[in-house]
Each structure stands twice: as structure tokens, then as C-alpha cells.
Amino acid sequence: MAMETTAQTTEPLDESDQKQLLRMVHELVKDQIDPLVERPEKPASLTQTLAAIDAFTELGILSGDDDRGLGLWDSPEDAVSRSLSLDILRESARSSPSIAHLLHVRALAHACDAAASQAQGVSTFSCDRTSPTGGRALGKSLTDTPLTGSETQAIAQAWGPPNDDNRLLSLDIESRDYIWYPTWTVAEGWQLNRSQRESFYNQTAQKFHGFDELRPELHRAKNQASSEHSTDAHLGTEHAIAIIGLYNLGLLAISAGAAERALRQAQAYAHVRTQGGAPIEQHDAVAQLLEQARQAIASANTALPAVNSIADHEQRLVEIWRARAYLQPALSRVGSNSMQAFGGIGYMRDMGAEKVLRDLNTLRQLGGSPSELTLRCAGFTKPAKESR
Amino acid sequence: MKHNPSGLTGFPEYSHQLSARNVAQGLPAPMRAVLGNGGLDQRDLWERETQTLSRPLANLRRRARDFAERELAPHALALDALEHWPVGEQPRELEQLLVKAGTAGWLSDLLTKPLGSGNPLLASQPLTMPAALKVEEFARVCGGQMLLLSANMLGQAPLVLSASPSIIKRRLLPGLRSCLRGEPYLFAFAITEPHAGSDVEDGHGASLSKPRLVANRVPGGWILNGSKVFISGGDVARGFVVFAALEGEGYESWTGFFLESGTPGFRAVRTELKMGMRASGAAELEFIDVFVPDADVVGKVRGGWSLNRQTLNLSRIPVGAMAVGFAQAACDIAINYAKSTMFAGKPLIHEQHVQLTLADAITTTSTIRAHMWAAASRWQVRQSTAAMVKFGATDAAMGVIEQCMDLLGPNALMHENRLEKVWRDCRLTQIFEGTNQINRLAVIEDLQHQFLD
């Protein structure tokens, strides 16, 4: 099952080119993003953040229309290219998880635009709703097993046009012309839709748990009747499943990078802060916290390539849900352990430890919370395909 | 799973003979009289737990919930979302809260009447039990405002524990009366020193650390120089109990000193921008040649370490109570969400996985409350008892809150839904009054005689 894209202009990079590109990304992150997060208690301005994003576009990480192939999610059907995208996201998240997430959703939107041959306007991507998203019924919808009436009702309610009770949550920094988002209907099953932002009532969330640099917005359709809901482009079920899978893969990569940032900060502090005549890193109480953090990060970094290598879209989606259900709480705990190693000073916003933790908590809830993902996987009872 | 219109899906209807509600009906009348009516008792869990308390404690619990919902709840979210305010520019809502809390007796109830405002019928109760009940109810509604009110109690504790009639009469009682008159006089407890937070929370660290606030002997008193950090309520308090080491000595020389805001050379320099509990300031205190007369030494000279430890033994139980309140808040929010959110044509609470989550959350909350109450109702509070309650309850409460957040999904991230604030507020309870790692070791330190042959 291969996802068709209409704009593949470049062969996948060889290993040496990939390393070179990642070095460039590393430098770009150091030059452009690190300065934005130097003062964790004071989020960067919109202008500063946009300038950093522009630098990513110039390097080709966020592709323009003519140079697809080098950047994030430019060749989503290719495992090597996906792996490179995951590395880029993780590298960006080591500096700023929220900006990494911004790159992620913009790149996914661009991949959708390219697949649908939509060149008009700029778009973002959202895969999150503010109400229950289907649980076991959702997992079952990916199999050939017919849904019951209540399961159909559950998924249709959760993934129909965004409405008052179930709004679409987007996380960008500015208004985009279009939003890509998944829907499910009895007739069409899973689809990706592109709607004009103006076809929604849009409300900026006044305050949000994490991602301080971004502007969370809630959207509900002006016309909520599913048959009349205003959309201007669609991608079919295979695209939808593939893109939802990429979204979740990216979330895990960003979470791993964010956790690495949290651990790095805590390790540096534990090395210099002394208590009882020794650096606190030498006390079991702290060493244990930091080692638990390393274990979680290592597990995530092991899971990512394993899941990424699965060719079948549905199986890959379920496996990434499975991995995230297990690993997101562990990665949140990395943030928590790291903050704990700081003691009281970690609770203060200017240290940055609490900010990474809030970002990790935010990532934990996006794309399906661990308990929701567990249910979805439980609903996916189809035997695993020989797909690796 | 069949939807049951007169009960939750998956369970027998109330009228069914197999219903849990009717289990007691099958027993002989005398046994029903002994065991109660089982499921027929339709009061909620909170009320049934309240009924297990003595009448004065039950009344206190109800009054605390009423005050919290009336006075703290309306401003909780707005105060949390405010920009950081500098020392001396407290929001008007908090000024008014302090006046109302003061006149209602919530700032002076560590002692019972006629010394304080506590119910005289509670005079036979350990100080910790009424405090724990109050703190839990306040925390359930707003962590920041709760801490503002509770830090005051922490500041009063060493004055009471000093058992010095002079200190209590001259330094504590006038403040309590001022609060009752509607002129808030808050107390603060200042132990934490820069870059040494945990050092003053356990004996081993303290024995190897260099104190940052130092007292020099002068005729008629002491001169204090140095600083303290992260002092809850230190920006608005008028009376302070601070601990300083004697010049050239270590923490074993720690001595408690009382001083008032406005004392020359003493000031709150700044407050921290915190993750949560934002309605309460964490202040940095500066001491430049601050004179404290001998009469304002709290307890004995060099007796500060004991006073500090005993204060922590008392205060760590209310920290456990805070965690119980936060866990209860998370349960309440999750239950409301599950009742009001429709899923496949019926409220979400009919889903079995939601019921399982809520059962876990409610049970854990009830368990840590029972543990906390058991410890709070003892006169003799050991270090191990207090530390167990503190780290046990706070770690468990965070688990409850995270479970509830997972239930709400992205909805949990919205400030307006309050759950993410509960999470941020509760997270501090794993850190202050000794990190939970320090508290774990405090249990072993206290019990070590059992582990040595």
C-alpha cells in the first residue's frame, strides 16, 4: 500500500548526505531556535519565531513548492526519508518542542497540499479534537470488521465536522489560510479535508498548558451539517491513515527530543549543585531519577526506527499508537524527574525545567492520550500483516 | 453493553434484586440496623466520609468547603492567569480574600478560642487535624489561594511550638486578633537558603553545608546578615520566623528569630515567577545588619534545628492534605466531564473504561485521605509519619491528576477546564517541605533503629 504523492522531485538522500543535512539542521537550531528559548519564562515574539521558521524554509527543511524531497515529510512513503524527518524533528525539539511541533504540522500540511495538488494559500494541520475520539471503535474502523450502530455513531460524532461540542484544536503561531484535518463518515470512511480557515468560527485559547510560543486555536464549522460542511480539497482513506500515522510518529520524535532537553538540563545542574559535600548526581536519589530518564529516552529512540520501518500504513499507525501509549507517560516522567532533580528552583519558570515538562505533558495529550490510544489499539483486532 | 436508563450501562437497574443498592435489603432487620442500609444510603462519598468525623470536625469541614467555594473559587482561574506582580502590588482580590478569611477566623484557628479562633470543642484535637481538613478543602478549589492562607499557619507553628508564653503573647496573639478585626497580619516561616534548598530539609545535608543567614551576637540581641529564598507568603507577611546560624558555626547552631516587616535592613526583594500556586508569592528575603532583640529569639538559642524539624513534622501532614485536595479536584473535574460529555448518544460515564479510570482515581484519593487523616489525628507526629504522608499522598495525587488528564485528552490542556492548573499546583507539593526523595530518606532516618541489629 503506497501513498501516492504528486510532487516527488528528488531521490532519497544517501547516508552521507543525510548526516550533512542533520549537521546543517543542528547548526540552524543552534543559531535560530536556541536564542528564542534562552529566556524560558519569556516566549519569543511572533516576528522572531517567524524569522526562525523562514530560515528552515530557506534550508529546504520546510519545503517550498519547487524543491520537495529534501525536507520534512517530503517523501512520506520512503522509510529513509521518514527517518530523516524524525531526526530533524527530534533535533529541533532538543531546543524547542513547540517550534518542532510547528515545523511538524506545517510540513504535514504541505505534504497534504502537494498530494492534493493544492498550491493556493498556506495551510496548517490539526489532528486533535476536544472531545472523546472513538476509543476501540476507532481502532476497529481500521479493520475490515463492520462497525456496530453505536460504534458508527461514536466515530461519526468524534470525527465529523468540528462543532460546538467537539472543536478542532490547531497549534500554529499565526492564522493560516487553510486547515487540513481528518474526518470520518459512513460513506467515505477516513478522509483528510482541507477547509478555509474562514469556514470556521475560530477562537484563540486564552491560556494553554504548554507550547508557550504557539497560539492554540479552537475551530468549529460555521455550517455543521456534514453534508454541507465547507471543504475545498480531500485526500482519501490511505492518505488519511498515512498522515495520521506520520503525525503520531512525529509526536513521539518531538517528545524524545524534548525529553533529551530536559535530561540535559538536569544533568548539567546535578553536576554542579552540591549537597552533603558531593555533587547531587552522586546521590542515589538523583542518580536514580536521571537514569530512569535515560531509560525512557532510550526506549523511545529504539521504538521510533522499529515503527517507522513498517510499510503498511494501518499497521504502522497502530504500532505507533501502541508505542506512544506506553512511552508518552514515560517521557513525561523524564520531564518530571528532571525538574525534581532541580528541587525548588526547578519550579521557577526562568530555569526552563518546568517549561519542558509542560511541553511533554502537552505532547502526551496530542494525537490521542495514552488511555485513548490504548483503547484504539485494543479495538484493532485484525491479525498483524507480514509488513516489516 | 446495554444502556440502562435508570442506572449506568453495564449494571443492574436500581430496582433489580441483584443491584448493589439492594444488597442490604436481603439481611435481617437487626443486622441492617448494625450494618446500615448499604447502597440505599445515597449521600455522596464526601458527605459519608464527613459523617465519620466528630461533629466539630465535620462542621469545620463543611464550613471550609463553603468558604472555599464562595470566596476562593470565583477568582481561582483569573488569579492564576495574571501577569507576575511585584512585591507590594498584590491584586485586590487577594487583599479582599485575606480580610474575609481573617474575619471568618481562617487565619487564626491554629489556636482555639479564647487565644485563637478555633472551635473550643477542638481543643482536644491535635493541631494537624483541623488544619488538614481546612487545607484539603481550600486546595480542592485553588492551590494558590490555599497556599497564601496556609503559609500563614506554617509561620505561626514555630511560635506555638516554642511554648514560650512571652513569644506567644507578644508576637502571635496580636497578629491573630488583627486578622479577626479585618486587618490581615500574616506570618511566614523562613528556612530555605540560596542554592541550599534541600540542605535544610535533612540532617545529613545540613551537617555538611554552610549556612547563608548568619546571626552575630551584639549587646541586647543579634545582628542578622544574609538571605532566604522561596519563602511562601514572604511578600505579604508581617511577622516572620527566620532561622539563622550563629557566626562561625553550622546548622547545629540554628536559632529561630522573630521579626516584623519594616524592620530596618530587612525586606522582601522579589518574588519568583512560578509554574503554579501563582496566587501565593515565593519571596526572596534580604537581611542587611538586621537587629533582633534577645526577647524575640524563638525557642532556645541553638534550638532552631529542633524547632524547624518539629514544624516540618507538623506541616508535612497538611502538605499531604493539599495533595488530597488536588486529587479530589481532579476527580470532580473528571466526573463532571464524564457526566456532561456525550459519546455515542449517551454520557461518557456509561463507558466501562471511563468507569474504571474514575474508580481508580476515587479510590486512590480516598486511600490517601484515610492515611492522611490517620496521621493528622495523632498528637505525636514522628518524622517518619509526616514524611510518609507527604510523599505518599503527593506522588499518588499526581498520578490521579494525570489519569484524569488522560481521560479529558486535549481538553485537559485548556486553562478554562482547570485541570491543568490543578496539575501545576499539585506539582509543587512533590518539591516543597523537602523533595519527595528527601522525605523518603526521612522515613528511613527516623526508623533506622529498626534496621540496625
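Mentor: Helices (H or I, at least four residues) and strands (E, at least two residues) are DSSP runs, numbered from the N terminus. By that rule chain B has 14 helices and 10 strands. This is a predicted model, in which local features need pLDDT of at least 70 and side-chain atom pairs count only at pLDDT 80 or more, while totals for chains, interfaces and linings use all residues. Residues are numbered from 1 along each chain as its sequence is written, and chains are lettered from A and ligands numbered from 1 in the order in which they are written.

Start with the overall form of chain B. Its C-alpha atoms fill a box of roughly 85 × 50 × 50 Å along the principal axes. The radius of gyration is taken over C-alpha atoms, and the globule rule is 2.2 Å times the number of residues to the power 0.38. For 453 residues a compact globule would have a value near 22 Å, and the 24 Å of chain B agrees with that. A residue is buried if 20 or more other C-beta atoms lie within 10 Å of its own, exposed if 12 or fewer do, and partly exposed in between, with C-beta atoms placed from the backbone. Of the 453 residues of chain B, 52% count as buried. Two residues are in contact, or touch, if their C-beta atoms, placed from the backbone, lie within 7 Å. Among contacts in chain B between residues at least 6 apart in sequence, 72% join residues at least 24 apart.

Now take one helix, α11 of chain B, which runs from residue 352 to 376. The expected span of a helix is 1.5 Å times one less than its number of residues. For the 25 residues of α11(B) that gives 36 Å, and the end C-alpha atoms are 36 Å apart, so the two agree. Its buried residues include Val354(B), Ala361(B), Met372(B) and Trp373(B). Among the elements that cover the buried residues of α11(B) are α6 (128-141), α10 (304-340) and α12 (383-408) of chain B.

A nonpolar core is a set of buried Ala, Val, Leu, Ile, Met, Phe, Trp, Tyr and Cys residues joined through C-beta atoms within 7 Å. The largest one has 244 residues, and Ala330(B), Ile401(B) and Cys404(B) touch the most other members. Helix α7 (residues 237-272) of chain A gives the largest share of this core, 20 residues.

- Thr341(B) lies in the loop between α10 and β9 (342-343). It is partly exposed, with 19 other C-beta atoms within 10 Å. Leaving out residues up to four places away in sequence, Thr341(B) touches Ser131(A), Pro132(A), Pro347(B) and Leu348(B).
- Pro114(B) is in the loop between α5 (92-103) and α6. A cis peptide bond joins Lys113(B) to Pro114(B), with omega at about 10 degrees.
- Met277(B) is in the loop between β6 (266-271) and β7 (282-293). Its phi is near 45 degrees, a positive value in a residue other than glycine. Met277(B) counts as buried because 29 C-beta neighbours are inside 10 Å.

Last, the partner. Chain A has 11 helices and 10 strands. Its radius of gyration is 21 Å, close to the 21 Å that the globule rule gives for 388 residues, so chain A is as compact as a globular protein of that length. The contact between the chains takes 39 residues from chain A and 40 residues from chain B. On the side of chain A that touches chain B, the elements giving two or more residues are α6 (149-159), α10 (353-365) and α11 (370-379) of chain A. For residue classes, Ala, Val, Leu, Ile, Met, Phe, Trp, Tyr, Cys and Pro count as nonpolar, Asp, Glu, Lys and Arg as charged, and the others, Gly among them, as polar. That side of chain A has 12 nonpolar, 19 polar and eight charged residues.
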